[in-house]
Amino acid sequence: MTGLHVEKLSYRYGAKQALKQVSFGVSPGQFCALLGPNGAGKSTLFSLLTRLFTTPDGQITIAGHDLRREPRKALAKIGVVFQQSTLDLDLTVHRNLTYFAALHGLSGREAAKRIDAALDRLNMSERRHERARDLNGGHRRRTEIARCLIHDPAVLLLDEPTVGLDAATRRAITDHVHDLSENDGLTVLWATHLADEVRDTDQLVVLHHGEILANNSCAALRGNQALADFFLDLTGAEA
Ligand code: ADP
Ligand code: MG
């Protein structure tokens, strides 16, 4: 079981309830778009999935491991791209990835092999010796996506990975990550507030004010409507 399951997850910041009884599952190899406007609770959910925050309310299962009972095993199975970039801008692409590999206990030949494969997968091999600071936004994001593949995760979590990028770059990165689920069998949770990043074949989970309002294939949910119209009708918010 390599999917992701969230059961009755709630979280509050003081009086502010950010997540209310959130339950959903993503099957192995599925691309799931988590669509919600700013403030919906997407990043809060990611903080719980990555154990930056913990809560006694609810349960998270990653690749068959309960995050509370087996945190190391569960966390070893996820690859994460956070909303804010976490690259070291003074280091080259390759160095950023080497340090990450070492953090996961990989070194030497095995690390080199996986780094090469990940860079190749994201079409970043030619830029391996460039400093992260000298890359454009799209290439920085690609570097982060390559990095999150090195330890051979089963589940990828990406929190608004295309924010601030131009349309063509957004499209290329969205395509790359769809390809990782379709061809490499990775389970993907992709948070976004942009309806145009969601495909009909994606699972669509709509999060609004901390609650899940819809969960089905995008095609089934939107029917004959444009997704943005479906979303507006459902939430009263633009996407
Ligand atoms: P999203 O990522 O979907 O934009 P967030 O998870 O960042 O949403 O935020 C969900 C809600 O929780 C928002 O109303 C936000 O203002 C609130 N929130 C987020 N972080 C904090 C915090 N550290 N303290 C208090 N409220 C917060
Ligand atoms: Mg966010």
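Here is a quick tour of this structure, from its ligand to one glutamate and a few aromatic rings. The model is predicted, so local features need pLDDT of at least 70 and side-chain atom pairs count only at pLDDT 80 or more, while totals for chains, interfaces and linings use all residues. Residues are numbered from 1 along each chain as its sequence is written, chains are lettered from A and ligands numbered from 1 in the order in which they are written, and side-chain values use heavy atoms, with hydrogens and water left out.

**Around ligand 1**

- The residues around ligand 1 (a heavy atom within 4 Å) include Tyr13, Lys16, Pro37, Lys42 and Thr44.
- By class, this shell has 4 nonpolar, 5 polar and 2 charged residues; Ala, Val, Leu, Ile, Met, Phe, Trp, Tyr, Cys and Pro count as nonpolar, Asp, Glu, Lys and Arg as charged, and the others, Gly among them, as polar.
- A polar side-chain atom of Thr44 sits 2.5 Å from an oxygen atom of ligand 1.
- For Ser43, a polar backbone atom is 2.9 Å from a ligand 1 oxygen atom, and for Ala40 a backbone N or O atom is 3.2 Å from one.
- The protein covers 60% of the 560 Å² of accessible area that ligand 1 has on its own (Shrake-Rupley method, 1.4 Å probe).
- Strand 2 (16-26) and helix 1 (42-49) are the elements that give two or more residues to the shell; helix 1 gives the largest share, 3 residues. Helices (H or I, at least four residues) and strands (E, at least two) are DSSP runs, numbered from the N terminus.

**Glu144**

- Glu144 is in helix 5 (residues 137-147).
- Is Glu144 buried or exposed? Glu144 is buried, with a relative accessible area of 1% (buried is under 20%, exposed over 50%, partly exposed in between; 1.4 Å probe, protein chains only).
- Leaving aside neighbours within four places in sequence, Glu144 is in contact (heavy atoms within 4.5 Å) with Val81, Ser85, Thr86 and Leu87.

**Aromatic rings**

- The structure holds 4 aromatic pairs: ring centres lie within 6.5 Å, with planes under 30 degrees apart counted as stacked, over 60 as edge-to-face and the rest as tilted.
- Tyr13 and Phe53 are edge-to-face, 6.1 Å centre to centre with 85 degrees between the planes.
- Tyr13 lies in strand 1 (residues 4-13) and Phe53 in the loop between helix 1 and strand 4 (59-62), so the pair ties together parts 40 residues apart in sequence.
- Phe31 and Trp190 form a tilted pair, 5.8 Å centre to centre with 40 degrees between the planes.

Methods:
Polar contact = N/O pair within 3.5 Å; in protein donor to acceptor, adjacent residues only side chain to side chain. Phe/Tyr/Trp six-rings, centres within 6.5 Å; stacked < 30°, edge-to-face > 60°.
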